[in-house]
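Subject: Structure for your review

Dear colleague,

Please find below the structure that I am handing over to you. My findings follow directly after it.

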Amino acid sequence: MNKSTIIQKLKNTIKGKEEMLAQHQCALASSYLGPTPLLGSELAFVATIKFLEINIVELKNILNDVEKLIGE
């Protein structure tokens, strides 16, 4: 595997996670019932959204590090 392949795979992974995040945010917004307690499915969406947000940031940091390393 060459350097550009690694970078492209990271970018593809980030893009896929961002798309998944957007889908989960839309699903949560459409299922939200207002100031009532969250349903189990809504809690699952919230947890998944938070996980994806953190994961995307971590992947972008890794991508940034890899790009810096390759640029050296």
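A salt bridge is counted here where a side-chain nitrogen of Lys or Arg lies within 4 Å of a carboxyl oxygen of Asp or Glu. Please bear in mind that the model is a predicted one.

Overall architecture

The protein has 2 helices and 0 strands. Of its 72 residues, 21% are buried. The accessible surface amounts to about 5200 Å², with carbon and sulfur atoms accounting for 63% of it. Considering contacts between residues at least 6 apart in sequence, 70% join residues at least 24 apart.

Helix α2 covers residues 40-71, and its 32 residues should span 46 Å at 1.5 Å a residue; the end C-alpha atoms are 46 Å apart, so the expectation and the model agree.

The core

The buried residues of α2 are Glu42, Ile49, Leu52, Asn55, Ile56, Leu59, Leu63 and Val66. Their cover includes α1, residues 3-31. The largest nonpolar core comprises 11 residues: Ile7, Leu10, Ile14, Leu21, Leu28, Ile49, Leu52, Ile56, Leu59, Leu63 and Val66. Both α1 and α2 give two or more residues to this core, and α2 gives the most, with 6 residues. As one example of the packing, Val66 touches Ile6, Ile7 and Leu10, leaving aside residues up to four places away in sequence.

Side chains of opposite charge can pair when their charged atoms come close. Glu67 and Lys11 meet in a salt bridge through their side chains, at 3.9 Å from N to O. This pair links distant parts of the chain, with Glu67 in helix α2 and Lys11 in helix α1, 56 residues apart. Glu67 is partly exposed at a relative accessible area of 34%, and Lys11 is partly exposed at 39%.

Glu18 and Lys60 form another salt bridge, their closest N and O atoms being 3.1 Å apart. Here too distant parts of the chain are linked: Glu18 belongs to helix α1 and Lys60 to helix α2, 42 residues apart. Glu18 is partly exposed, with a relative accessible area of 34%, as is Lys60, with 41%.

Glu53 forms a salt bridge with Lys50, with 3.6 Å between the closest N and O atoms. These two residues are 3 apart in helix α2, which means that about one helical turn separates Glu53 from Lys50. Glu53 is partly exposed, at 29% relative accessible area.

Yours sincerely

Note on methods: Residues are numbered from 1 along each chain as its sequence is written. This is a predicted model: local features need pLDDT of at least 70, side-chain atom pairs count only at pLDDT 80 or more; totals for chains, interfaces and linings use all residues. Side-chain values use heavy atoms; hydrogens and water are left out. Helices (H or I, at least four residues) and strands (E, at least two) are DSSP runs, numbered from the N terminus. The expected span of a helix is 1.5 Å times one less than its number of residues. Buried means under 20% relative accessible area, exposed over 50%, partly exposed in between (1.4 Å probe, protein chains only). Contact means heavy atoms within 4.5 Å. A nonpolar core is a set of buried Ala, Val, Leu, Ile, Met, Phe, Trp, Tyr and Cys residues joined through side-chain atoms within 4.5 Å. Accessible areas come from the Shrake-Rupley method with a 1.4 Å probe; for residues, only the protein chains shown count as cover.
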